[in-house]
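Subject: Structure for your review

Dear colleague,

Please find the structure below, followed by an account of what was found in it. I would be grateful if you could read the two side by side.

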Amino acid sequence: METLSRTPKNTNLEKYGLKNVKANWNLDGETLQKLTLEKGMGTETANGTLCVNTGKFTGRSPKDRFIVKDNYTEDKVWWGRINKPIASENFKKLYDEVVAYLSNKEVYVRDAYVGAAPAYRMNVRTITEYPWSNYFVKNMFIQLADDEIKNFEEEWLVICAPGYEAKDPANSGLRAGNFSVLDFTKKTVLIAGSAYTGEIKKGIFSALNLILPTEKNVLPMHCSANYGENGDTAIFFGLSGTGKTTLSADPKRKLIGDDEHGWTADNIIFNFEGGCYAKVIDLTEEKEPDIFRAIRPGALLENVVFKEGTKEVDYSDSSITQNTRVSYPIHHIDNIQVPSYGGNPKNIFFLTCDAFGVLPPVSKLTPGQAAYHFISGYTAKVAGTEAGINEPVPSFSACFGEPFMPLHPTVYAEMLSKKMTEAHVNVWLLNTGWSGGPYGVGSRIKLKYTRAMISSILEGELERVDYEQHPIFGLHMPKYCHNVPTELLDPMNTWLQKGAYISKAIQLAHSFHLNFDKFINQASDEVIHGGPLIDAHQVIDHHI
């Protein structure tokens, strides 16, 4: 049980430019929840879980994320649409504005660390304007023992001031008043104008995504991971909504973590975090029992809606956002790996929610295909999730996490390929999306079938079956999988009109090729040939 406040020996915040602040150090969850309620910033569910509304921003704002361009980052970062540069002098101007805004106010400070493996741990001090932002950090970063607090020294600093907006964005190198800026020289993440808590964790994740590969020879991964009874680790890569959190929560296996991990040179897979940050839209106890039961006092719900006249959450209500969320400490899950790391993986899963309904529900990848699909990071946005989207739209995010990958995607892909080869890992592409037609025509592949495919892989059963190659994507599809209808395994069999299937598959293959064009010059021939068999020129001829 935590004490109400755990205070380090050195509590001087003036070294950060913060003056005359009332600092609350390392408060326990109950106190943070009480303060949030007293300040009118949150409500409680019927079971006592804290709920907050993040206001204008209910998700990250990637267009307002910047990296300071200086001697450290200039030749390392993959500059462009994702990693936008900002000058050091503009960062200093914004930093000074934020600390002046927070001065003479009450703030909440938390000392914690990221990186469960001791050799790769990074100490982080987070200073937040709101008590519930601090609650999120308490859930998501790894908490220190009482005796570690006393002499704590941070390696990185996070300052989060949702109530502040830049007065003159254009003259500070910004697009708008809200911003999230990383300065690798000053080792600081500066967040303002947005209360969405995901900005905090993704800020530190972005920092690790540059530091670990370049300084520690560690591959950072946007993935979940679990650990089997036989000591085998499985990794699940995937973008939001593809099932990364759901599928890694397996009653037969221990959860290592649900979102961010490192793969070390000495063959350790370790969790970056001390908690989970799960989507809860359409959540039910039947479909996702682990997540549902984790929502209890100690968890933090974001942007959910109550059923009318009650304190019971209506998880189907997306009137605020589709991106409703919960953060909770990992020990809210019963079956966890302690400490949060395991050995080399035997199987890696790439998860995609294909709303076009053309990718196989499961396929085994060659090394070239694995690198190609890792660099591509494909999923699909479905109708209704964003304004103006009326039919499925392909979405590509390099390395299944492009918005927070500072280095060129091929750097991560080459590290992954090398590690996969050395560890003799099997790589699988799982479509958790549609079958029998696109979104609105076909149906979502049942979760029980996806779980059955994963079980067959982890138990080695799909090592002993015959495969056939997909004629357009070149993927190797098993002809049989225990507890899965055989006709489901070849997606063409599930469509009533084969011609319509071929046309839609060629359309998606074309999207893959167009997206990969920007990586061609850095990719090897093996990786390039890991893509769809039909190239862009053939597709153009087909349409002519």
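Lys201, Lys202, Lys244, Asp259, Glu260 and Glu273 are joined in a network of salt bridges, a salt bridge being a side-chain nitrogen of Lys or Arg within 4 Å of a carboxyl oxygen of Asp or Glu. Side chains of opposite charge can pair when their charged atoms come close.

Please note that this is a predicted model, in which local features need pLDDT of at least 70 and side-chain atom pairs count only at pLDDT 80 or more, while totals for chains, interfaces and linings use all residues. Residues are numbered from 1 along each chain as its sequence is written, and side-chain values use heavy atoms, with hydrogens and water left out.

Helices (H or I, at least four residues) and strands (E, at least two) are DSSP runs, numbered from the N terminus. Lys201 is buried, with a relative accessible area of 3%, and Glu273 is buried at 2%; buried means under 20% relative accessible area, exposed over 50%, and partly exposed in between (1.4 Å probe, protein chains only).

The UniProt record, an unreviewed entry, places the feature "binding site" at Lys202, His222 and Asp259. Although these residues are spread over 58 residues of sequence, they cluster in space, with a largest C-alpha distance of 10.5 Å. Of these residues, Lys202 is included in the lining of the largest cavity. A cavity is a set of points, on a 1 Å grid over the protein atoms alone, where a 1.4 Å probe fits but cannot get out; lining residues have an atom within 4 Å of a point. UniProt positions are given in the numbering used here, feature names are shortened, and annotations may be inferred rather than shown by experiment.

Lys202 sits in helix H5 (residues 198-216) and counts as buried because its relative accessibility is 11%. Leaving aside neighbours within four places in sequence, Lys202 is in contact (heavy atoms within 4.5 Å) with Arg60, His222, Asp259, Glu260 and Phe404.

His222 lies in strand E12 (residues 219-227) and is buried, at 6% relative accessibility. The side chain of His222 makes a polar contact with the side chain of Asp259 at 2.9 Å. A polar contact is a pair of N or O atoms within 3.5 Å; within protein, one must be able to donate a hydrogen and the other to accept it, and residues adjacent in sequence count only if both atoms are side-chain atoms.

In total, the count comes to 20 salt bridges. One of them joins the side chains of Glu106 and Lys39 (3.2 Å, N to O). Glu106 is in strand E6 (residues 106-114) and Lys39 in the loop between helix H1 (29-38) and strand E2 (42-44), so the pair ties together parts that are 67 residues apart in sequence. Glu106 is partly exposed at 23% relative accessibility, as is Lys39 at 41%.

Finally, helix H8 (residues 367-376) is mostly covered, with nine of its ten residues buried. Among them are Tyr372, His373 and Phe374. Just after H8, Gly377 takes a positive phi of about 60 degrees.

Yours sincerely

Notes
1 Å grid on protein atoms, 1.4 Å probe; cavity = no way out; pocket = protein on both sides within 12 Å on 5 of 7 lines; lining within 4 Å.
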